[in-house]
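Please look at the sequence and the structure before reading on.

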Amino acid sequence: LINSVMPSEPYVQEPVVADLHDCFETIRILTSILGYPVFEYLRKNRSVADGNRVFINAKNAKAEGEYTTEGFVLFKGALCNPTVSKAITSSSLKRRNSLKENGVLEVQDGDLILVKDHLFSSPSAAGALVLGRETNGWTTWKFSTGKTLDEVIRQGDAQTGK
């Protein structure tokens with residue numbers, strides 16, 4: 001049903017608007033602290049020179065992303081392997097199919113492309129989507145220097161990939 005009538009914005013006193021914004025900000029902060037950053041952008045101010053980017057470059061797959069406190073963000077434009085391994089787990093296959101159904105993953109000219117940034121619970125889950133097979137994301141995702149995510153994050157290399 002299409003409604004062509006645009007209602008006017010109701011009048012709300014300025015102090016009430018300020019209180020509502022304050023309440024929303026409190027809710028946004030609390031949900032983020034509790035591990036549900038539903039009101040947050042996946043990634044703010046992505047820059048080309050960002051030293052936190054990690055990459056996968058394999059046969060039929062090329063992607064970049066970033067490990068964050070919320071999980072692993074796979075950046076839009078990721079080229080995913082259109083075929084999956086016979087050994088892929090049912091959860092990885094279900095995630096892939098769900099992303100296709102929701103329009104996050106699309107077939108374009110025979111390629112499987114991620115059309116918007118997506119947050120994964122782990123680097124391995126993101127790697128499984130990109131490669132079409134199970135993988136240890138901690139060793140698969142690499143910085144431009146060649147160091148793995150494991151070497152930098154888990155083992156504590158202080159110079160982010162350098």
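A residue counts as buried at under 20% relative accessible area, as exposed at over 50%, and as partly exposed in between (1.4 Å probe, protein chains only). The model is predicted: local features need pLDDT of at least 70, side-chain atom pairs count only at pLDDT 80 or more, and totals for chains, interfaces and linings use all residues. Residues are numbered from 1 along each chain as its sequence is written, and side-chain values use heavy atoms, with hydrogens and water left out.

Helices (H or I, at least four residues) and strands (E, at least two) are DSSP runs, numbered from the N terminus. Helix α2 covers residues 90–101. Its 12 residues reach 16 Å from first C-alpha to last, close to the 16 Å expected at 1.5 Å a residue; the expected span is 1.5 Å times one less than the number of residues.

| Side of α2 | Residues |
|---|---|
| Buried | Ser92, Arg96, Leu99 |
| Exposed, turned away from the buried side | Ser90, Lys94, Glu101 |

Seen down the axis of α2, the buried residues fall within an arc of 65 degrees, so they line one face of the helix. The arc is taken from the directions from the helix axis to the C-beta atoms.

These buried residues pack against β4 (79–80), β5 (105–108), β6 (111–114), β7 (118–120) and α3 (123–131), where contact means heavy atoms within 4.5 Å. In the pairing of the two helices, Ser92, Arg95, Arg96 and Leu99 of α2 meet Ala125, Ala128, Leu129 and Val130 of α3. Just after α2, Gly103 has a positive phi of about 80 degrees.
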